[in-house]
Amino acid sequence: MRLSDEELASFDELGYVFLPERFTAAEVAVLREHAHAIFAMQREEVVREKDQTTARTAFAAHTYDEAYRRLGRHPRLIEPVMQLLGGPVYMHQFKINAKAAFNGDVWQWHQDYGTWARDDLMPEPRAMNIALFLEDVTEFNGALMFIPRSHQGGTLEAGHDLQTTSYPLWTIDNATITRLVEAGGLVSPKGPAGSVILFHGNLVHGSPSNMSPFDRTIVYLSLCHVDNHIRQFKRPAWIAHRDFTPIEALADDCLADLAPAHA
Ligand code: SIN
Ligand code: MN
């Protein structure tokens with residue numbers, strides 16, 4: 001899957017591009033089933049919400065689940081990122097965010113590259129996210145919010161928030177968010193399961209809690225140009241990976257004939 005010139009220009013200008021319905025219902029169904037089996041596992045990679053029960057995020061599933069091993073090499077995800085970053089990429093981080101019905105908590109305003117730079121000493125923002133919706137994302141179930149053009153201001157001041165949620169994050173203060181929103185506005189990409197979003201490592205984003213009865217599972221591949229690999233190994237290897245091998249994409253039909261998940 002290659003991005004068109006219009007999509008490339010839109011990414012440069014706004015910091016993201018939304019690609020509706022790039023994965024089929026059958027592909028998404030098997031990934032969703034595997035995600036829920038992973039959320040039910042008791043392992044350190046599955047981080048819980050503050051209630052200590054609801055899954056918040058599952059890290060590194062590409063290292064212990066066959067469906068996600070394949071998704072981590074899927075050409076519809078790897079190729080557009082290689083196109084945008086201009087060369088081979090490795091997996092810096094891989095996570096499945098649950099944002100569960102009723103209990104899925106907020107993700108505070110942040111830039112991902114802010115964390116990658118501060119915690120992992122990633123040299124430059126030559127890394128980005130590509131996200132895949134496993135459920136429909138609506139105005140009700142905790143959709144992502146982006147501040148368009150906020151990637152253009154570089155890496156912003158941030159404070160390490162260890163209180164608000166169960167997961168520590170380098171977050172951006174309200175005055176800065178107000179200034180950025182006055183300049184760039186707000187968008188909230190929503191759409192059916194199977195939709196994909198690419199967004200720049202410096203794009204400011206967050207998401208509110210999910211008080212609806214609908215889950216909102218999204219998978220994030222955080223991919224980095226191999227030359228730009230992290231220099232500090234402070235965080236666990238299942239959060240900030242240390243395997244800088246270039247990813248070789250599999251065939252486009254690589255999610256066909258997957259075995260069912262074992263809960
Ligand atoms: C993130 O920004 O890392 C997660 C946001 C979300 O899944 O809502
Ligand atoms: Mn983020």
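Quick housekeeping. This is a predicted model, where local features need pLDDT of at least 70 and side-chain atom pairs pLDDT 80 or more, while totals for chains, interfaces and linings use all residues. Residues are numbered from 1 along each chain as written, chains are lettered from A and ligands numbered from 1 in written order, and side-chain values use heavy atoms, without hydrogens and water.

So which elements give two or more residues to the shell around ligand 1? Those are β4 (89-97), β5 (107-110) and β11 (205-207), with strands being DSSP E runs of at least two residues.

Now the polar contacts, meaning N or O pairs within 3.5 Å. An oxygen atom of ligand 1 is 2.9 Å from a side-chain N or O of Asn97. For His110, a polar side-chain atom is 3.0 Å from a ligand 1 oxygen, and for His205 that distance is 2.9 Å.

Two of those names come back at the metal. The manganese ion, ligand 2, is coordinated by His110 (NE2), Asp112 (OD) and His205 (NE2), at 2.1 to 2.2 Å. Donors here are N, O and S atoms within 2.8 Å of the metal (3.2 Å for Na, K and Ca), and water is not among the atoms, so the site may look incomplete. The pair His110, in β5, and His205, in β11, links distant parts of the chain, 95 residues apart.

Note on methods: A polar contact is a pair of N or O atoms within 3.5 Å; within protein, one must be able to donate a hydrogen and the other to accept it, and residues adjacent in sequence count only if both atoms are side-chain atoms. Helices (H or I, at least four residues) and strands (E, at least two) are DSSP runs, numbered from the N terminus.
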